[in-house]
Amino acid sequence: MKRFAVSFLGHFSQLSSYHHHLGSPPNCSPMFLNRFLSQTLLCSSSTDTRPFPDYSPKKPTIRDLEFAHQITSTIKLRRFEPLPRILKPYESKFQSNHLIWVLMKIKNDYGLVLDFFEWACLRRDPTLEVRSIVVQIAVASKDLKMARWLILDFWRKPNLDVSLSFTHFVEQLLYTYKDWGSDPNVFDVFFQVLVEVEMLDEAMKFFDKILNYGVVISVDSWNLYLSRLPDSLHGCWKAMKVFIELPQVGVCWNTASYNILIHLFCQLGKIKDAHLLLLQMEFRGCIPDVVSYSTIINGYCHIGELQKVLRLIREMQIKQLNPNPCTYNSIIHLLCKMGKVVEAERILREMINEGIYPDFVVFSTLIDGLCKRGNLSAAYMLFHEMQRWRIMPDLLTYTSLICGFCQIGNMIEADKIFHEMCGRGLEPDEVTCTALIDGYCKVGKMKDAFLLHNQMVQVGLVPNVVTYTALADGLCKSGELDTANELLHEMCGKGLQLNIITYNAMVNGLCKAGNIVEATKLMEDMEVVGLNPDTFTYTTLMDAYCKAGDMSKAQELLQRMLDRGLQPTIVTFNVLMNGFCMSGMLEESERLLKWMLDKGITPNAITYNSLMKQYCIRNNMCATTAVYRGMCAQGVLPDSNTYNILIKGHSKARNMKEAWFLHKEMVGKGFSLTPSSYNAMIKGYLKRKKFLEASELFDEMRRQGLIVDKEIYDLFLDIKL
């Protein structure tokens with residue numbers, strides 16, 4: 001056996017050059033492959049091959065020959081009769097060697113071979129020599145399924161000495177090859193079974209052994225071997241070693257081979273290396289298929305590389321490769337994860353138009369994405385569409401919808417879906433129950449929340465820290481702080497650790513109850529147990545101080561928060577803005593807004609609304625308009641509250657043209673006037689003596705079932721009188 005070194009550095013240089021000319025994505029550096037290919041690999045090869053050994057069984061005696069001849073004649077002449085009956089006279093004298101001698105006589109009659117072998121096996125376990133002979137005959141007769149079963153049946157035997165049994169089986173397979181079958185497929189079948197029973201090291205030893213006889217295992221068998229390697233760094237190195245060495249001995253890798261290796265790299269998170277292999281396929285003249293691209297697209301989707309995904313999709317289009325369900329699934333999942341649910345739904349429609357039927361994963365991913373974005377109407381429509389496709393939602397799908405409705409406080413729909421789910425035989429888990437409990441707590445239905453908690457315990461579900469936190473938060477919001485405290489003690493008694501969310505719920509409850517001192521003390525207790533207050537904790541306390549008019553304390557907390565390296569959110573700034581405005585500190589409010597803009601922090605509609613509301617209260621509509629224009633200039637879209645603040649301000653100042661224009665604009669955007677805004681506009685029109693306009697708004701308000709101020713009624717009565 002000669003040894004030679006295979007250097008791949010030259011090939012890799014060509015590949016890198018090819019990769020550069022293709023203009024593939026930057027940062028697609030051959031990191032893992034570079035490290036691997038920088039080593040020199042050894043591969044076994046041989047210029048001379050050994051001949052297969054001649055088969056020379058034990059020579060029978062004359063009596064043995066006669067006995068074997070009698071059996072052979074009997075089973076041939078009476079082949080349609082049951083063997084146990086016709087061979088009954090021969091059972092007592094039958095030995096293993098007789099089986100081989102009879103098989104030599106009937107080996108060209110495959111059906112008879114199997115029947116006789118089955119009869120013999122019922123009397124004694126066949127030797128490895130006999131098993132190998134029947135395997136050879138089965139393969140020569142193109143019955144690879146039977147050959148596979150015979151080999152697999154041996155490896156399933158209990159208490160086998162694997163090493164010794166492997167050596168003996170391989171010896172017998174080689175020994176019986178020349179005279180009993182001479183079909184090289186037998187080695188493929190044996191190799192495949194070794195791989196299937198996870199004897200990967202033995203499979204490699206077997207390959208090395210038969211290579212000496214000039215036999216090369218087929219690429220399909222090697223693909224099976226590659227697919228069974230573990231998804232680990234060791235498995236990856238092993239795959240690369242095999243992948244690079246075997247072409248030297250005649251194995252020609254195909255598209256499926258590259259796809260397996262690409263999948264392995266992606267499983268290990270080495271997406272750039274997988275992408276490089278895609279280029280190597282083309283360099284080697286192996287055409288990538290939709291699976292090749294879909295695997296890498298899935299890899300990039302998992303790490304959020306949308307631009308690279310889009311680039312690969314364009315490549316597929318150029319090569320006229322149509323995306324498969326896996327491609328669409330990956331892209332939809334990524335878009336939902338990025339919050340681009342509208343785009344994800346567009347991909348679903350494209351998928352259906354292409355004649356590709358969406359599966360459970362696609363629908364569930366999209367429904368979950370829509371629920372998380374608060375688009376429950378679209379999620380519910382998709383939920384029904386899913387069932388029209390005869391795809392039944394599972395627990396996860398139902399839980400997504402329940403969570404979505406609970407988040408927006410629509411407990412009627414959440415309950416309805418929960419009971420539908422239970423009616424279909426799906427048992428809720430801790431996540432489903434906790435979502436419902438949290439929903440009940442958010443809308444103040446504490447009785448329903450505790451009832452569900454008790455039902456959870458009764459059916460063996462264990463409430464977790466999230467469940468208890470939801471209950472504690474609900475109790476705090478209901479002002480039942482003592483009960484919340486007792487619940488948390490119960491939670492600790494069960495070995496559950498309070499987390500930051502639990503503490504924040506308690507801090508929030510104390511602040512809402514006006515107990516800022518206790519809330520501050522609780523924040524200090526958090527640090528004692530090793531939990532650092534987060535942005536939410538500080539913002540909650542700042543909000544409490546702002547509402548109490550203690551802006552100096554609120555500003556102190558902001559400074560402490562910044563000193564600890566915590567980043568304020570837009571909610572933090574809105575709390576401060578609202579505090580300054582409520583305290584009449586408009587100069588500080590303007591300074592805060594300017595500071596935010598200077599620091600590149602984009603205010604939202606709530607930030608501007610607080611400032612505009614305060615200017616409207618002071619009847620300073622010039623300043624209000626200036627703030628509104630500044631808001632629009634920053635690209636911040638006005639919300640329903642913005643329009644209602646402006647309309648009330650202009651109506652109070654009798655600027656009815658501005659109020660009318662804003663009313664028309666907000667209705668066009670799907671917003672509605674509040675009762676107080678209607679009342680303000682009607683008063684404004686009446687004071688301007690525009691009775692027709694006031695009357696129209698009055699009628700519109702009543703049609704909508706909104707409550708009209710007594711003052712408005714009195715004004716209309718005065719007009720009629």
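Visitor: Which residues does Thr 624 touch, not counting residues up to four places away in sequence?

Guide: Leaving out residues up to four places away in sequence, Thr 624 touches Met 612, Tyr 615, Cys 616 and Leu 646. Touching here is contact, with heavy atoms within 4.5 Å. Before we go on, a word on what you're seeing: this is a predicted model, where local features need pLDDT of at least 70 and side-chain atom pairs count only at pLDDT 80 or more, while totals for chains, interfaces and linings use all residues. Residues are numbered from 1 along each chain as its sequence is written, and side-chain values use heavy atoms, with hydrogens and water left out.

Back to our threonine. Thr 624 sits in helix 35, which covers residues 621-633. (Helices are DSSP runs of H or I, at least four residues, and strands are runs of E, at least two, numbered from the N terminus.) With a relative accessible area of 0%, Thr 624 is buried. That word has cut-offs: buried is under 20% relative accessible area, exposed is over 50%, and partly exposed is in between, using a 1.4 Å probe and protein chains only.

Now look at Ser 589, in helix 33 (residues 586-598). Ser 589 is buried too, with a relative accessible area of 0%. Its contacts, again not counting residues up to four places away in sequence, are Met 577, Phe 580, Cys 581 and Leu 611.

Of its 13 residues, 12 are buried, so helix 7 is largely enclosed by the rest of the structure. Among the buried ones are Leu 128, Arg 131, Ile 133 and Val 139. And what do they pack against? The buried residues of helix 7 meet helix 5 (96-106), helix 6 (110-121), helix 8 (144-155), helix 9 (162-180) and helix 10 (185-196). You can check its length as well: at 1.5 Å a residue, the 13 residues of helix 7 (128-140) should span 18 Å, and the end C-alpha atoms are 18 Å apart, which agrees. (The expected span is 1.5 Å times one less than the number of residues.) After helix 7 comes Lys 142, with a positive phi near 70°.

Let's zoom out. The chain holds 40 helices and two strands, and 47% of its 721 residues count as buried. Take the contacts with a separation of 6 or more: 64% of them come from residues 24 or more positions apart. As for overall shape, the C-alpha trace spans about 135 × 65 × 60 Å along its principal axes. A compact globule of 721 residues would have a radius of gyration near 27 Å, but this chain has 39 Å. (That radius is taken over C-alpha atoms, and the globule rule is 2.2 Å times the number of residues to the power 0.38.)
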